[in-house]
Each structure stands twice: as structure tokens, then as C-alpha cells.
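Welcome! Please take a look at the structure first.

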Amino acid sequence: MSTAFTGPEFTLIPDTSAAVDVLVVGVFSGDDAITVDAGVPDGARGPVIDALTLVGATGKAGEAVRVPAPSLSGLGAATVLGVGLGAAPADGRVPAETVRRAAGVAARALDGVAAAATTLSEEDLAATVEGTFLGGYRFAEFRNSSAPKQPPLGSMALLAPTANAGTEAQARDTVEQARLTAAAVALARDLVNTPPNALYPAEFAERAQRIGSEAGLQVEVFDERYLAENGYGGIVGVGQGSSRPPRLVRLKHVSGVDGAKHVALVGKGITFDTGGISIKPAAGMENMTSDMGGAAAVIATVILAAQLGLPVDVTATVPMAENMPSSTAQRPGDVITQLGGTTVEVINTDAEGRLILADALVRACQDRPDYLIDTATLTGAQMVALGTRTPGVMGTDAFRDRVAALSQAAGENGWAMPFPEELRAEIDSRVADLANVGPHRWGGMLTAGVYLKEFVADGVQWAHIDVAGPAFNSGAPWGYTGKGGTGVPVRTLLAVLRDIAAQG
């Protein structure tokens, strides 16, 4: 069994004369000819363009073409890897996400390479680090160590000429913050990719406690007896069908800054979802190992907040359960009582995420936070509405729009969605305060958000991020995203925390 992915070593270099195996350069497409990014020195630009053109490089996004380094070009690399950036922007500023994806493509193409350098860092240093780290990510914990597979990229030298020591220090700090961010995304990916027989609620809680404590967080773990005795009816109800009982984990980053804003994070932690009595189809059910993607993201984010020393207080409340069918499982038609006293008729046991989140939202609001963000692989309807790469963002209008905008700037592409007023009446129950689903499939993502809204305290600025599709990639690798867990929305949550720390 292998250890967790740690990414390549990153160093800074002043020019492209460093002796490395590969130099990664950005390639722009054009109507008549390709061009390369500004970091390629003048004396090498023509020869590099000629060599890449000779083998058919087009510069389109996602392309990676490797050629021998031209002789007499002044480059220290043995070979050049051209990665596509698409058309050159009119203002000359390449978007960070374009750089991040190109760096990810390059990292996947560099398996087996000991040392590389790149000029992409001249376009965006942080994005290059994040893309390189995440593009090379692999989850090999359950692979036989003797299996023949090339090792990931060993080191990446980043072209970042510095005029003075102060600038160099800033560049090193940028690299380290980007590396920590990528490592947090990789942690979320690791948790999602861990199979459910190895990551059940008690084990998930133990891992969260261990890694949280190592990061200096305050951590509390509550077992099934505590949950039953203290009114967590949603978590207990969902977990009662499994031989592996549920947990609730609380992790706190206390900034120590006077007047710091308090942000509550909540993440859905269903370690495996069969659908319960309302069982899912067999095809694709193995991907339900990802149904704790929201929990993985908030755990990784609060740890990252501590590592970065963010001047904002963060509390993560993480409900964990396994949704299984058995003689003890909750049934369609059962009535449960959520934390706080709201009764709920369980119409569909496969709409279980909102039941555990409701308890966690109530508990999070008891801390009277300034902001509350929950995230979950909540509804298949999210993918119907927005596809597999675009999270849906709901909540109080101003904060919802703020989170969506920050998500788009971070490259995770959250999209603001409404709460149509007619949907509330559709979750009325004939026997309880609420039903956990509406009577039809239309607007299912929005209906789930309307349900959660019932459990958010008045006056709390709240956003709900549905990442049912974006949290797990079941298709081919693209950009810096491989197959399996993606780590979405860790970078969105980090962007929001930073924005709150800066602006309140």
C-alpha cells in the first residue's frame, strides 16, 4: 500500500537555462500559426515554435505535444512540452483557470519525469502550482505496490524572475499557499476515493479527528448514543439501517483575532448511499462512495484555514451516516423529528442527505455564526439542471450571489439558482410538519434547497452548494481533474473565507 499523494517539489528559477528533463511552455492557437507564452526567451521562441509546428501542435486547450529541445536555443531542458492555452487573449492576460488546466494537462503528461521546469508560471504562479499538483494527483492506496506504473512528476521549477529579495519572498509565499490549497483539494479527493468498506462513519470520524488535531483544530466526535439522546432524528434515522452507526464531528479553527467573523460550514457525509429502502439502480451505484464529498470538502477547508492562519473563525459541523436497507432501516412513510423539533414524513429514503444536513444546520446555527455555508452531493437534479461540472448555489440572495461569483473566479463555476415561492407548498406533509420530497421531479435541486432553508436560523447569511456532479468525475481526465473525487468545492470555500476575512 502506498502513502498519500504529496505532489512534486516546487522551486523558483530566474531563467530557462536550468538543466531539467522537460521544459513546459504554453502554446497559443492562431489562424495562421501558433505562438508560445511570454516566458520563452526570445532566442528560443522561433526554434520552439518551428519544432512544435513540425509535429502538428495546434495550441488548442487540452493538447500536450513533446519535442526535443532545439539545439542552440539556450534552453537547459532536454525536451520541450507544449501545452495548449487556446487563442491568445486580446488583453494579453491569460485567465488563471486556463493556466491551471494547462498545468494539469502537463503534469499528467510528465509521469516518470524526475525534473521539469515551466514558463506557465510567468502567466500565473499560483495557478501553475495548483494545476501541476492536482494534475499529477493519483490515489494508489489500494493498488499493489509492485504493479508497474510510472511515478508522478518529481519536481517542477517555476520561472519567476525576481528583482529583489522582497519580491522573491512574496513569490515563495504564493507558491506555498498554492501548494497548501492544492494539498487540501487532494485531501478531499483522498477521502472521496477511499472505498466505503474502509471509510465508514466511525472510521471517517476517527480520520477527521486525527488530521484535524494535527492541524491544531478543536475537534469533537459524537456517537450514535449521544445523537439519539439529544434529538438528532435525521442523522439517527438515516443511519439506523446500517450495522455501522452514525457520527457527528465538529472541527473548529479559532483565529484569535478580535472581532473576527464566524463562518459555519456543514458538509453531507453519507459514506455510502444505497438509497435505503427506496433503493437505487445497481448500475453506477459504486460511485456512491462519493456521497460524502461535501463532508470531505468542509473538513479539508477548515484544516486549510488553520494552515493558512486565516483571520476568520471557522466551525465545521459534519454529519456522517451510511444509508443501507435492512430490517432496521427507516421506511417510506416513517415520521422523524429533526433537531429542534420539526417533524418530517420520509417519503423517499433516498432523499437522505437533506435529513442529516437539517440536523447539522440547526446545530451550526446554535453557534450564531455570521455566515453559514453547506455543501453536499445532494440531488441528481443538479446534474439535470447544470451538468456535471457546474455546482448550483442557493440561499439568501446577496450571499448566494457572492458565493457564486467567488466560485466562478476560483475556477469551480458555481451558478446562482432561485427559490421559487411555489416550491415551499410542495413539501407540506399530510401527517407531519414537512415531507422530505415533493410530489414530482421538476425543480428537484431547488426543492431540496427549500427544504434546507427551513432549518436555517433567521438572520444568518446562508449559501447551499449542490455538487452532486462536480464532486466526482466518472468520465475521462480533463485539465487538472482526474477520474474519481475532484475536491470541489474546496477552492470555492477558501475563496469565500478569504473574502469574508478581507471584507467582513
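The largest cavity holds about 30 Å³ of space. A cavity here is found on a 1 Å grid over the protein atoms alone, as a set of points where a 1.4 Å probe fits but cannot get out. Its volume is the space filled by probe spheres set on the points, with grid points joined across faces, edges and corners. By this rule there is one cavity of 30 Å³ or more. Rolling a probe the size of a water molecule over the atoms shows where empty space is left.

Before going further, note that this is a predicted model: local features need pLDDT of at least 70, side-chain atom pairs count only at pLDDT 80 or more, and totals for chains, interfaces and linings use all residues. Residues are numbered from 1 along each chain as its sequence is written, and side-chain values use heavy atoms, with hydrogens and water left out.

Which residues line the largest cavity? They are Phe5, Pro8, Ala107, Thr132, Gly136, Pro152 and Leu153, where a lining residue has an atom within 4 Å of a point. By class, this lining has five nonpolar, two polar and no charged residues. In this scheme Ala, Val, Leu, Ile, Met, Phe, Trp, Tyr, Cys and Pro count as nonpolar, Asp, Glu, Lys and Arg as charged, and the others, Gly among them, as polar.

Next comes an open space. The second largest pocket has a volume of about 800 Å³. A pocket is an open set of points with protein on both sides within 12 Å along at least five of seven lines. Its lining has 32 residues, of which Ala4, Phe5, Thr6, Leu187 and Asp190 lie nearest its centre. Phe5 is also one of the residues lining the largest cavity. Helix H4 (165-193), helix H5 (201-214) and helix H8 (293-308) each supply at least two residues of the pocket lining, and H4 gives the most, with eight residues. Helices (H or I, at least four residues) and strands (E, at least two) are DSSP runs, numbered from the N terminus. By class, the pocket lining has 18 nonpolar, seven polar and seven charged residues.

Now to a pair of helices. The axes of helix H2 (residues 96-109) and helix H3 (residues 125-135) come within 7 Å and cross at roughly 35°. These axes are lines fitted to C-alpha atoms, for helices over the stretch in contact, and angles run from 0 to 180 degrees between N-to-C directions. The crossing of H2 and H3 is right-handed, a term used when the near helix is turned clockwise from the far one by less than a right angle. On the H2 side, Ala96, Val99, Arg100, Ala103, Gly104, Ala107 and Arg108 meet Ala127, Thr128, Glu130, Gly131, Thr132 and Gly135 of H3. Contact means heavy atoms within 4.5 Å. By class, the contact of H2 with H3 has five nonpolar, five polar and three charged residues.

| Residue | Relative accessibility | Class |
|---|---|---|
| Valine 48 | 2% | buried |
| Asparagine 413 | 29% | partly exposed |
| Valine 431 | 46% | partly exposed |
| Lysine 149 | 55% | exposed |
| Arginine 368 | 73% | exposed |

Valine 48 is found in helix H1 (residues 42-54). Leaving aside residues up to four places away in sequence, valine 48 touches Val25, Val36, Pro70, Leu75 and Val80.

Valine 431 sits in the loop between strand E17 (415-416) and strand E18 (434-435). Valine 431 and aspartate 334 are 97 residues apart in sequence and 10.0 Å apart in space, C-alpha to C-alpha.

Lysine 149 belongs to the loop between H3 and strand E7 (155-159).

Finally, some backbone details. Most residues other than glycine have a negative phi, and most peptide bonds are trans. Arginine 368, in the loop between helix H9 (353-365) and strand E15 (371-376), has a positive phi near 55°. Asparagine 413, in the loop between helix H11 (397-410) and E17, has a positive phi of about 65°. A cis peptide bond joins valine 488 and proline 489, with omega about 10°.

Definitions and conventions. Buried < 20%, exposed > 50% of the residue type's maximum accessible area, 1.4 Å probe, protein only.
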